[in-house]
Amino acid sequence: MDRTTHTPTTDQARPLPQVVVVGGGIAGLAAAARLRGVVDGVERARVTLLEASPRFGGKLKSGEVGGVGVDLGAESMLARRPEAITLARAVGLGDALQPPTTAKASIWTRGALRPMPTGHLMGVPGDLAALAASGVVSPEGLARAAEDATLPRTEVGEDIAVGEYVAARLGREIVDRLVEPLLGGVYAGHADAISLSAAVPQLLAIAQRERSAVEGVHAALAVAAQSPNPAPVFTGIDGGIGRLPGAVADACRAAGAELRTDTAVASLRRAPDGWALRTEGGEQLVADAVVLAVPAPVAARLLADLAPDAAAELGEIAYAGMALVTLAFHRAELGPLPGSGFLVPPVDGRAIKASTFSSNKWGWLDKAAPESFVLRTSLGREGEEAVLDLDDAELVARSRADLREAAGITATPYATAVTRWRGGLPQYPVGHPQRVARIESAIAALPGLALCGAAYHGVGIPACIADGWRAAAAVAAATVTTDLVSGEE
């Protein structure tokens, strides 16, 4: 039998609007936190958050491998954007923020681990001498990159594929051995398909303004270096980034929000007093406003009747899957492993696309498990999701084979874990910003409804938090406007 839920109020003043947030990843949690005043103390709405899975956090997930607490999803967040740092501090994790102990990564290419060149922007060099010293690119590739200084301007318009622009300026080898592995680590996609405007807007601005990509990157990096107190590029959290969702959820509950797991939403429709939602369990909820913080395919299903044009556009957003293989070794059985790990260009045909030496990278992990050494590998890119169907033993075996060849690791791990992220990363092809603009234009015709998450304005943690805050502000403003129009005070 259906149950109807609506939180009553006996307040004499106009009650706060009721907002239902659908989705408990970091974007949905951020929206709930914003609406309940967790960050700034301003209560904007009563909040019910519904998460379909048994836990909050989406791709932020903690776990244990061989008795060691580790991240089984995202392990770091951009520190040069303020949103993630601000939210972490607001929920009591400020003292736990820790930058990596080492940021020195390598690239496994041309038969060896080679140092990541300094002075680059997403693999586009601003210093060809540093690029030459790294050995990542062949002499022929260096000679081709040097032609950037004399080539005529490359017209890029309002958008172009990252790989297309970089290849035109610097040659194919720079794309294959530098840009591709770096972009693959972020999007699990391919440089020849990913939008420059959406993925590397700083480089698009350089391309539109400067003739030489190398000189433009060099100038941009020089400006950034002039900051009197440059912040670390990335930061982590003592105990793992996976602590953040739980801390935000706890803070939201303490602020009066209702948060539920194992509660999938089956339908969404307009109602006379706002919005009506039906869960897969048959419960009916009504709300003044709704935030959809769900993957694009789920949003497309819920909006199929309400906003068919937006739903069609959402249905076109592709996702890539990937697998993380975490290995725990007895430290005494390993030789020294330098730096934070390495990236692997697809052109080299290896099974793994990256490895992180987690115990080197994170001081908190080294301190928590000094007798162990934890590292992880990642496998899978857009269009290569068949790798996720391999069993755990095969994924571990492929990872160990590549680690043996790349870094000489012959020891046997005493514990392993495989985490599959099917449909984990939305793809940002050329034209993605325009698609998002069309989706948001269609949604604007439905006051009190907002979308947020990794599918729209950035896949990183700070970008998702910012998107959650934007959605929260939009529905809060819409409910105020609705009340004024209807004559309520």
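Here is a short walk through this predicted model, from its confidence to a few single residues. Local features need pLDDT of at least 70, side-chain atom pairs count only at pLDDT 80 or more, and totals for chains, interfaces and linings use all residues. Residues are numbered from 1 along each chain as its sequence is written, and side-chain values use heavy atoms, leaving out hydrogens and water.

Let us start with pLDDT, the predictor's confidence in each residue, from 0 to 100. The protein has a mean pLDDT of 93, with 95% of its residues at 70 or more. Over residues 1–12, pLDDT stays under 50, and the model has 16 contacts beyond four places in sequence for them; a contact means heavy atoms within 4.5 Å. Residues 483–489 also stay under 50, with four such contacts.

M122 lies between β10 (120–121) and β11 (124–125), and its phi is near 50°, a positive value in a residue other than glycine. D262 lies between β13 (258–260) and β14 (265–271), with phi near 55°, also positive. By relative accessible area (1.4 Å probe, protein chains only), buried is under 20%, exposed over 50%, and partly exposed in between. M122 is partly exposed at 23%, whereas D262 is exposed at 54%.

Finally, how many disulfides does the whole structure hold? The search finds zero, counting pairs of cysteine sulfur atoms within 2.5 Å. For C252, the nearest cysteine sulfur, that of C452, is 12 Å away. For C452, the nearest is that of C464, 8.4 Å away. C252 is buried at 0%, and C452 is buried at 0%.

Key: Helix = DSSP H or I, 4+ residues; strand = E, 2+ residues; numbered from the N terminus.
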